[in-house]
Amino acid sequence: MINYTLYRNDNSTQWVTFVHGAGGSSSIWFKQIRDFQKQYNVLLLDLRGHGKSQSILKTRFKQRYSFPDLANDILEVLDFLKIKSSHFVGISLGTILIRQLAEMYPSRVQSMILGGAILKMNFRSQILMRVGNLFKYVMPYLILYKLFAFIIMPRENHKQSRLLFINEAKQLCQKEFIKWFRLTAQINPVLKWFRQVELNIPTLYVMGNEDYMFLPSVKAVVASHFKSSKLYVIENCGHVVNVEQAAVFNTAVLLFMQLVPQKMPTF
């Protein structure tokens, strides 16, 4: 089972589960724990090969990864802790895993908060993936990761989140990076399905107005998935919204979660 950390609230029966992105770990949520624990039980996860799950999974998972496999890792923790349903908060690639989990087990997902959501790979991101595939066996993964981080988060005000993800990625090994990078071969058909199919689960997309690679596709999806989805755009913010604008992120997400399932909030 992947590593998890609990922050319990004895006055609440509700849960919020945080899912980080590729190359990160549960530690990227350090600006969320205090605010969310005031109202919810908090569950933090380290995905396969990330954070404290790296040593746990060295011998268990040798095959190629898939999005359903990774979603089932999350489900295994929920079942072990006897959590029937939870709000889910994700960032970057973690948003794909939350949506995959919701596709497979919708009753376990009370709401989805998708920060820096990835719903479509634009031309620039497709080029990045091709470059990564070309050099992933011959170039140290950290060089590739630094390149990706700079292209996705290029501005000076993105520096804190860019450096955070690079430092987190240092915990990966080359073989683990390759396993995760192979997921890009599966990503286009998965994202196409997500764009086409609207789930009956309250969903909040939280995006930075400077997240130029992924914001346009999210706007398009929310326009068509208007029954269950809302979009909140944070000004002067890039891809990693929970780090760059933590106070704004926390306020918007907590408001949304408080009104689920009674009413969709209006921003």
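Mentor: Strand β2, residues 15-19, is mostly covered, since 5 of its 5 residues are buried, where buried means under 20% relative accessible area, exposed over 50% and partly exposed in between, with a 1.4 Å probe and protein chains only. This is a predicted model, in which local features need pLDDT of at least 70 and side-chain atom pairs count only at pLDDT 80 or more, while totals for chains, interfaces and linings use all residues. Residues are numbered from 1 along each chain as its sequence is written, and side-chain values use heavy atoms, with hydrogens and water left out.

Trainee: Which residues point one way from β2, and which the other way?

Mentor: In a regular strand the side chains alternate between the two faces of the sheet. Here Trp15, Thr17 and Val19 point one way from β2, Val16 and Phe18 point the other way, and all are buried. Strands (E, at least two residues) and helices (H or I, at least four) are DSSP runs numbered from the N terminus.

Trainee: To which strand do 4 bridges join β2, and in which sense, parallel or antiparallel?

Mentor: Two strands pair if DSSP finds at least two bridges between them. Strand β3, residues 41-45, runs parallel to β2 and is joined to it by 4 bridges, with leucine 43 in β3 as the bridge partner of threonine 17. Strand β4, residues 86-91, also pairs with β2 in the parallel sense, over 4 bridges, and there valine 89 is the bridge partner of phenylalanine 18.

Trainee: How many aromatic pairs does a search of the whole structure find?

Mentor: A pair of aromatic rings is described by the distance of the centres and the angle of the planes. Rings of Phe, Tyr and Trp (its six-membered ring) pair if their centres lie within 6.5 Å, and planes under 30 degrees apart count as stacked, over 60 as edge-to-face and the rest as tilted. The search finds 3 such pairs. One of them is tilted and joins phenylalanine 18 to tryptophan 29, at 4.9 Å centre to centre and 50° between the planes; tryptophan 29 lies in the loop between β2 and α1 (33-37), 11 residues from phenylalanine 18.

Trainee: Is phenylalanine 18 buried or exposed?

Mentor: Phenylalanine 18 has a relative accessible area of 1%, so this residue is buried. Phenylalanine 18 also forms an edge-to-face pair with phenylalanine 36, at 5.2 Å centre to centre and 85° between the planes, and phenylalanine 36 lies in helix α1, 18 residues away.
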